[in-house]
Amino acid sequence: MPRLNINGRDVDIAVEDDTPLLWAIREQVGLTGTKYGCGVAACGACTVHVDGVATRACAVPVSAIAPGQKIVTIEGLSPDGSHPVQKAWAALDVPQCGYCQAGMIMAAAALLAAKPKPTEDEIHAEMTNICRCGTYNRVRAAINLAAEGGEPRRG
Amino acid sequence: MTMTAAHMRSTVSRRGFLAASAATAGAFSLGFHIPFAQAQGADVPEINAWVVIKPDETVVIRIARSEMGQGTLTGLAQLVAEELECDWSKVTTEYPTPGQNLARQRVWRNFSTGGSRGIRESHDYVRRGGAAAREMLIRAAAEDWKVAPGECRAASGTITHGASGRSTTYGKVAAAAAKLEPPAEVALKDPKDWKIAGKPVQRLDTADKLTGKQVYGVDLKLPGMLNAAIKACPVFGGKVKSFDAAAVQSMPGVKKVVPVGDNAVAVVADTWWRAKVALDALPIVWDEGAHAKASSADTAAMLKEGLTAEQAFVANQTGDVKAALAGAAKRIEAVYGYPHQNHATMEPMNATAKWTADRCEVWTPTQNGESALAATAEASGLPAAKCEVYKIHLGGGFGRRGMTDWIRQVVAIAKEMPGTPVKLIWSREEDMTQGKYHPVTQCRLVGGLDASGNLTGLHMRISGQSILAGVLPQNLQNGRDPVTFQGLNPPGPEASLGYTVPNLLIDHAMRNPHVPPGFWRGVNLNQNAIYLECFMDELAHATGQDPLAFRRKLMVNSPKHLAVLNAAAERAGWDKPAPAGVHRGLAQIMGFGSYVAAVAEVSVSPKGQLKIHRIVAATDPGHAVNPQQIAAQVEGSFVYGLSAALYGECTVKDGRIEQENFDTYQVLRMDEMPKVETVLVPSGGFWGGVGEPTIAVAAPAVLNAIFAATGKRIRTLPLKHHDLSKA
Ligand code: FES
Ligand code: FES
């Protein structure tokens with residue numbers, strides 16, 4: 001029975017070894033903030049952190065997660081939505097339907113952890129998530145806002 | 001696995017979905033099936049259908065239309081709150097259910113959320129709802145104080161009586177107000193006095209979308225729920241011949257294999273992933289039917305024939321186009337084409353249903369709660385009064401979720417498992433191949449110009465698919481589909497052509513392939529704007545005229561169209577040269593009640609690499625309810641429109657759609673997203689939509705800029721098939 005460390009908690013799950021991490025998180029662990037969009041690593045909706053690295057969970061079987069690897073999902077990014085990325089997102093009213101946003105936020109958080117002041121090219125290289133509502137420009141602006149640690153604009 | 005009630009609740013903590021646990025007598029519940037969970041209990045008075053005010057001053061505004069990202073929930077709440085004179089910081093929202101609407105004689109009227117109609121169609125009655133509630137609250141306070149209501153005024157949720165200096169709050173008088181007769185007449189505020197509406201307030205639905213708390217349809221959990229994966233015949237019109245349930249029956253988690261209608265099979269299992277694994281392993285034999293060999297080439301040939309066919313439905317006609325073209329000093333002709341495309345909402349189609357012999361409930365993201373309820377009733381075999389639909393925020397809609405096909409499926413599956421809730425989620429592959437596609441059309445345009453370069457005659461022949469014929473055949477007018485001509489209509493308040501051409505003929509030869517069509521964000525305005533605006537560009541260039549000046553000459557009778565075009569051109573600096581290596585194109589159109597125009601600035605490298613640097617987009621929606629959300633819709637429209645222009649294409653081979661996922665159905669990503677400047681020029685006096693019209697100018701503005709950059713005229717989409725390199 002695979003054991004996953006998710007958001008700081010060890011969870012034993014009963015699934016077939018080839019079950020994608022995404023579905024183990026959603027259906028066994030019961031955390032549904034991580035989304036299914038394509039199942040083929042093309043959209044980024046399922047992005048979680050595995051030892052801090054943005055990872056498309058639909059393309060990783062649970063058996064590929066080594067014991068001790070730490071998985072963080074959107075629910076575990078901050079206890080109360082106070083991660084700088086989440087705050088910047090709120091300040092700029094980024095989400096439209098919101099479905100892609102957990103993946104966007106997780107990808108952005110990993111990017112900023114690795115590169116606190118990313119260039120536009122670096123942002124583009126990491127942020128390949130699909131948003132069909134078209135929030136890209138606000139996502140980019142929010143990443144820059146978070147990077148600057150700037151005071152959120154209101155209204 | 002089992003989950004604790006506490007855990008379940010924590011996953012659905014969004015207000016409006018969370019039932020007071022007392023209301024379910026301690027039962028394990030999610031609250032979705034308790035209408036108005038927030039607004040229950042004797043001391044939580046409903047002032048009227050739109051407004052509930054709680055003793056703690058919370059204002060619950062009921063929203064009949066669906067929120068799918070477009071911001072209509074916040075916009076409608078702003079309009080109600082404006083008239084209500086409540087404290088905006090106390091506002092929350094909830095969806096009334098379609099069943100409640102039915103039971104209360106459609107007190108919330110239309111639930112349908114498409115055609116950018118959410119606000120423009122309901123602004124009047126929702127504002128009246130807010131105004132009536134305000135009057136009742138004031139009257140309740142006045143009666144308590146024994147003063148005339150006219151001597152009292154309300155602001156920010158507080159009622160004051162100037163003469164006596166008394167004041168009270170909405171929460172305190174709400175119970176008394178709820179018992180009063182509603183006023184017969186209410187006056188609405190002049191939009192120039194708005195304090196909440198018209199302002200760039202932040203959305204009400206953001207917080208839970210940042211933390212994973214927002215519950216979408218795919219996230220729903222009900223006690224004892226099972227999960228289903230489905231596969232329908234990949235060839236449209238085909239059926240299931242047979243399947244071998246025994247082959248997968250013993251796979252992990254599998255509960256049941258069920259036929260769904262005559263064209264699909266579903267596997268029900270404990271988890272969705274196990275259902276999908278078993279479904280993929282299930283041997284199914286299809287009867288592919290009459291279209292087993294159909295291809296995109298067949299469709300193209302059929303449409304080509306329609307371009308010159310004798311018979312066509314006429315939409316817009318003046319003068320004698322035949323004579324004008326025959327006598328023209330210069331005649332320009334071109335054929336354009338627009339392919340099938342998938343909506344590709346990020347959240348795939350899904351719904352949860354629970355069926356028993358005397359009740360059927362469905363939880364689903366839908367753009368039309370009422371048609372979802374009707375479909376539930378039909379599929380369940382129960383009267384609508386014994387059915388209910390609970391709407392959930394949509395993970396994208398774009399028109400796809402105005403349909404009900406997946407709802408009928410989930411009810412059919414749930415019927416096989418009485419008493420057990422079943423959640424059906426389409427795989428992305430199912431979503432891509434069982435769509436309701438953007439209609440496929442071609443257009444032949446012939447323009448005639450006189451010796452001084454004036455357009456004297458224009459014939460636009462559209463050949464191709466009708467959405468209405470596929471979706472709402474009862475709405476055809478003697479076989480004619482009026483929606484086909486969006487943006488090309490005679491002068492009027494909706495989707496009118498902005499050009500006056502002395503001899504004009506716009507007609508449609510309907511040619512319907514077997515691929516099912518659907519309303520796709522922007523609908524027919526998308527291709528019509530490309531046909532019209534790229535051809536206008538062709539005419540201008542063919543006669544050596546500036547594309548803006550050429551258009552202006554034809555727009556003297558369309559001042560609103562012209563004003564928006566001018567606004568975009570001015571902001572873009574059309575009269576000044578573009579930066580070195582950068583080229584401009586423009587487009588304008590009217591649709592969904594609004595006027596839009598765009599200028600695109602692009603460069604194309606010698607190797608043919610396109611870069612879109614900047615978009616200037618002007619919009620006149622009449623009244624602007626939330627400028628920052630309009631900007632978000634305009635930006636989003638460019639993503640949707642440019643995805644369609646650059647990549648969007650669903651091709652047919654052997655009767656089925658070839659693109660099965662985002663690896664082959666490409667869409668725009670962040671690195672390609674241009675800077676977008678939104679120029680909002682609301683001229684007042686009318687209400688236009690904002691979720692769709694701008695999409696239509698995205699592609700033609702860029703295509704015209706590409707011509708300016710390369711001299712290459714792109715007449716068929718998507719752009720990915722064209723070589724833009726210097727030959
Ligand atoms: S669901 Fe994993 S990348 Fe799309
Ligand atoms: S916000 Fe809807 S898909 Fe990104």
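**Figure 1. Contacts between chain B and chain A.** In this predicted model, 65 residues of chain B are in contact with 53 residues of chain A, contact meaning heavy atoms within 4.5 Å. The two chains bury about 4,800 Å² between them, and 55% of that area is on carbon and sulfur atoms. Buried area is the accessible area (1.4 Å probe) that two parts lose on being put together, summed over both. B:Leu210, B:Met346 and B:Met670 supply 18% of the area that chain B buries against chain A, more than any other three residues. Local features need pLDDT of at least 70 and side-chain atom pairs count only at pLDDT 80 or more, while totals for chains, interfaces and linings use all residues. Residues are numbered from 1 along each chain as its sequence is written, chains are lettered from A and ligands numbered from 1 in the order in which they are written, and side-chain values use heavy atoms, with hydrogens and water left out.

**Figure 2. Chain B as a whole.** Chain B has 17 helices and 27 strands; helices (H or I, at least four residues) and strands (E, at least two) are DSSP runs, numbered from the N terminus. Its radius of gyration is 27 Å, close to the 27 Å that the globule rule gives for 727 residues, so chain B is as compact as a globular protein of that length. The radius is taken over C-alpha atoms, and the rule is 2.2 Å times the number of residues to the power 0.38. Along the principal axes, the C-alpha atoms of chain B fill a box of roughly 80 × 80 × 50 Å. Of the 727 residues, 64% count as buried, that is, under 20% relative accessible area (1.4 Å probe, protein chains only).

**Figure 3. Surroundings of B:Gln341.** B:Gln341 is in the loop between β14 (330-338) and β15 (350-356) of chain B. This residue counts as buried because its relative accessibility is 0%. Leaving aside neighbours within four places in sequence, its contacts include B:Tyr437, B:His438, B:Trp520 and B:Tyr665. B:Gln659 is 318 residues from B:Gln341 in sequence, yet the two are 9.9 Å apart in space, C-alpha to C-alpha.

**Figure 4. Helix α1 of chain A.** Nine of the nine residues of this helix (residues 21-29) are buried, so it is largely enclosed by the rest of the structure. Among them are A:Trp23, A:Arg26 and A:Glu27. Just after the helix, A:Gly30 takes a positive phi of about 85 degrees.

Technical notes: Buried < 20%, exposed > 50% of the residue type's maximum accessible area, 1.4 Å probe, protein only.
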